[in-house]
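Keep the structure in view as you read.

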Amino acid sequence: MGGTSKTDQKAALDIASWLFNVVTSVGIILVNKALMATYGFSFATTLTGLHFGTTTLLTTFLTWLGYIQPSQLPWPDLLKFVLFANFSIVGMNVSLMWNSVGFYQIAKLSMIPVSCLLEVVLDKVRYSRDTKLSILLVLAGVAVCTVTDVSVNLNGFLAAAIAVWSTALQQYYVHHLQRKYSLGSFNLLAHTAPVQAASLLLVGPFLDYWLTNQRVDAFNFSFVSLFFLILSCSIAVGTNLSQFICIGRFTAVSFQVLGHMKTILVLVLGFTFFGKEGLNMQVVLGMLIAILGMIWYGNASSKPGGKERRSLSIPITKAHKLSSVSETAESDEKV
């Protein structure tokens, strides 16, 4: 009986984590679309730095209140994580500028196979045939409804490759560091957000000037654009936290596969609120294929042998051997 209630509780927390991530991710996409497209604030890297700056303020406040307990994350691991995370952000922005939308979408889809490769090589994870086929079905569905024109150039290809590998490594490291140092989502965010904020706010204005030929300090804010900027930063706190919670509870691959549900949802909301232009049978068919693939993946990966680790490759550091894994779960449950 106790086991069943524990399983039910875990399932409820898993669903709540996904919903939290989906709502905040879709919300920030729609708000950023209004901020950038409608009000002309096209400084994506600086905006991300402001997002992490806001997240830093929250984690500092919660640490001061005693809600976030002191924890350890060695500087080499922290700097490695921040390097991957920042290359991911910069790479994605540059890739979007240098590539066609179609190739940019293909690059995003390739993150799933790369994440799988990292889990197979670094964590000795083994996937069943059904799990592999379900991932391919998701990729096919999202490709059908999002990939249109595909043109490639060398600079764009290199930017996309850097973006894909750094994003996959960053997401792998979220799961890796949480397990290795018994860190909760808030703990990891408290370590990484300040360094990311400082580095992105330092580099962001120069990178954005290079990408847009506009200076962020010369931007003329209106009341509405300032409101959307503050709203974007506020939602970003939830987006950053929910990413760490989801990858901590699941894995980078599951986060990527089920994350494409957000792509489908953004398309649906876009057609609902911004008109039916671009909605056709190909898009509808792609959505249906992707959703079927996600359902299949959820079923296949949860079965015995669907996705299993052959040997535990992450050593728990001496300072954290006595920390129970439940501490991480508890810190997530408080969210």
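**From fold to salt bridges**

Starting at the N terminus, the elements of the protein chain follow the order α-α-α-α-α-β-α-α-α-α-α-α-β-α. That comes to twelve helices and two strands. The model is predicted.

Next, the chain as a whole. The protein chain has 335 residues, and 49% of them count as buried. Its accessible surface is about 16800 Å². Carbon and sulfur atoms account for 70% of that surface. Now look at contacts between residues at least 6 apart in sequence: 89% of them join residues at least 24 apart.

Now the charged side chains. How many salt bridges does the rule count? The count is four.

Begin with aspartate 14, which is found in helix H1. Its side chain meets that of arginine 249 in a salt bridge, with an N to O distance of 2.9 Å. Why does this pair tie together parts of the chain that are apart in sequence? Aspartate 14 sits in helix H1 (residues 2–38) and arginine 249 in helix H9 (residues 223–249), so the bridge ties together parts 235 residues apart.

Are aspartate 14 and arginine 249 buried or exposed? Both are buried. For aspartate 14 the relative accessibility is 12%. Buried means under 20%, so aspartate 14 falls in that class. Set aside the neighbours within four places in sequence, and aspartate 14 is in contact with Arg249 and Phe250. A network of salt bridges also takes in a further residue: Lys10, Asp14 and Arg249 are linked in it.

Move on to arginine 179 and aspartate 123. Their side chains meet in a salt bridge at 3.1 Å, N to O. This pair, too, links distant parts of the chain. Arginine 179 lies in helix H7 (residues 154–180) and aspartate 123 in helix H5 (residues 111–123), 56 residues apart. Aspartate 123 has a relative accessibility of 2%, so this residue counts as buried.

Finish with arginine 215 and aspartate 217. Their side chains form a salt bridge at 2.6 Å, N to O. Is aspartate 217 buried or exposed? Its relative accessibility is 56%. Exposed means over 50%, so aspartate 217 counts as exposed.

Aspartate 123 is buried at 2%, aspartate 14 is buried at 12%, and aspartate 217 is exposed at 56%.

Notes
Residues are numbered from 1 along each chain as its sequence is written. This is a predicted model: local features need pLDDT of at least 70, side-chain atom pairs count only at pLDDT 80 or more; totals for chains, interfaces and linings use all residues. Side-chain values use heavy atoms; hydrogens and water are left out. Helices (H or I, at least four residues) and strands (E, at least two) are DSSP runs, numbered from the N terminus. Buried means under 20% relative accessible area, exposed over 50%, partly exposed in between (1.4 Å probe, protein chains only). Contact means heavy atoms within 4.5 Å. Accessible areas come from the Shrake-Rupley method with a 1.4 Å probe; for residues, only the protein chains shown count as cover.
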